[in-house]
Amino acid sequence: MTAARAAAILLAKELRLEFRTRELLTATIIFALVVVVLFSFAFDPTAAESRRYGPGLLWIAFLFAGSLMLHPSFAREQSNQTLDALRMAPVSPFAILLGKMLANFVFLFVAEVILVPVFAVLYNVSLVGIVGRLALVLALGTLGLVITGTVFSAISAHARMRELLLPLLLLPILAPLLIAAVEATASLFAEQPSLDRTWLAFLAGFDIVFLTASWLLCDFLLEE
Amino acid sequence: MKLRIAITALVAALMIFAGYAALFIAPDERTMHEIQRVFYVHLPLWAAMFSALTIAFVANIAWLATRNPKWDWLGVSAVEVAVACCTGGLITGVLWGRPAWGIWWTWDARLTTCFILWLLYISYLLLRGLIEDPQRRATLSAVFGIFAFLDAPLVYASNRLWRTQHPAPVIFGGPDSGLDPTMGKVMLVCVAAMMALMVVMLVDRYRLERLRHEVDELRLSAEARAADSNSVFTKGAV
């Protein structure tokens with residue numbers, strides 16, 4: 001069985017599990033929504049200010065929601081010791097990790113797709129004409145988030161205070177991704193929307209570097 | 001023991017000489033005058049930090065490859081020393097920035113990536129404190145250390161790749177860079193002194209880690225022997 005096929009099967013398992021109860025997805029969406037609304041209480045933005053602060057606010061909301069959502073994906077495995085069963089299956093550790101990354105990506109991307117129109121309404125930002133490019137930026141940024149997040153949730157799964165430790169480990173390393181994603185989104189929200197190639201390339205580079213690093217180190221993450 | 005005292009004394013003497021050189025031998029700088037002398041502490045701290053981080057990176061890889069505990073001890077020692085050097089570098093940088101630029105801090109590429117590096121390695125030390133099992137602690141912190149090291153080249157290259165508030169490199173920099181020869185010699189002495197200090201701290205911390213490991217081993221074998229003798233006692237009682 002190739003790694004890709006194994007990852008696809010594991011992705012299907014994760015999706016099936018999650019869509020039975022949809023509890024993680026719902027909680028993620030509502031939490032990101034609460035963060036967005038809370039920011040609007042903190043400052044009352046005009047249209048121009050929304051364009052300046054909006055991208056940062058949006059990505060902070062996704063980052064917080066993402067780092068809280070990543071932990072349960074490994075915690076669920078630990079409670080019933082299904083991680084041991086996965087390890088015994090004839091699949092490579094990278095396939096297991098990849099399946100989890102893809103599942104986390106789907107959940108977070110669905111949450112973002114629901115949240116962005118809500119954000120656009122609350123902050124009076126127009127999404128006309130930029131939807132496709134915005135989706136691309138969201139996808140690349142979320143990919144970086146879930147790649148590093150899944151690896152670090154595997155690391156922190158064995159530590160005490162893991163709910164607090166995961167954001168603590170994750171957010172510093174995601175700072176370059178945050179900067180690039182915010183800059184790319186800001187250039188899309190501007191008066192004349194344009195997609196800055198350099199930031200897009202930076203996001204893609206970040207994803208590739210961290211995916212490669214996780215591929216090289218995956219054996220050690222899932223060992224006994 | 002005597003060797004360690006001698007080496008420590010030598011390093012102390014080197015540091016005193018470096019301090020003297022930085023204060024009195026180095027020529028006066030054209031625009032910043034006396035404030036510029038912080039440079040002779042600031043740059044050596046960063047040189048020591050990058051060296052320590054490289055040692056930590058190699059130790060992390062070596063642990064994952066060989067599982068020899070010595071690499072784990074070396075890794076944690078190097079990271080602790082690197083965090084200390086990074087803290088010193090950030091503080092001296094802030095103290096230099098205020099009189100030189102008028103601002104305590106700015107979020108340019110060099111300072112931002114550097115601050116992130118500091119946070120990452122503090123998280124590394126936190127992670128180590130929160131995992132109980134020694135084998136797992138060594139493995140997981142080695143993996144995290146390798147990820148964290150991905151930021152270090154970015155810090156080094158940041159003021160070459162982007163225009164930053166932080167000055168462009170004067171050593172190995174572009175065509176406009178370069179140091180006055182006397183300044184260069186004083187800087188060499190200061191870097192050598194700081195590196196020597198870093199190595200001394202690293203070796204001491206490594207010894208501490210090794211001793212902790214030995215104490216744990218002794219405690220385990222003592223407990224095992226106590227358990228054995230207890231079981232003999234109950235057998236005899238029957």
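Tutor: Gladly! In chain B, 33% of the 238 residues count as buried, where buried asks for 20 or more other C-beta atoms, placed from the backbone, within 10 Å of the residue's own. This is a predicted model, in which local features need pLDDT of at least 70 and side-chain atom pairs pLDDT 80 or more, while totals for chains, interfaces and linings use all residues. Residues are numbered from 1 along each chain as its sequence is written, with chains lettered from A and ligands numbered from 1 in the order in which they are written.

Student: How many helices are there in chain B?

Tutor: Helices here are DSSP runs of H or I with at least four residues, and strands are E runs of at least two, numbered from the N terminus. Chain B reads α-α-α-α-α-α-α from the N terminus on. With 0 strands, its count of helices is 7.

Student: What radius of gyration does chain B have?

Tutor: The C-alpha trace spans about 90 × 40 × 30 Å along its principal axes. The radius is taken over C-alpha atoms, and the globule rule is 2.2 Å times the number of residues to the power 0.38. A compact globule of 238 residues would come near 18 Å, but chain B has 23 Å.

Student: How many residues does the contact take from chain B?

Tutor: Contact means C-beta atoms, placed from the backbone, within 7 Å. Chain A gives 17 residues, and chain B also gives 17. On the chain B side, α4 (109-130) and α5 (134-149) each supply at least two.

Notes: Buried ≥ 20, exposed ≤ 12 C-beta atoms within 10 Å, placed from the backbone. Contact = placed C-beta atoms within 7 Å.
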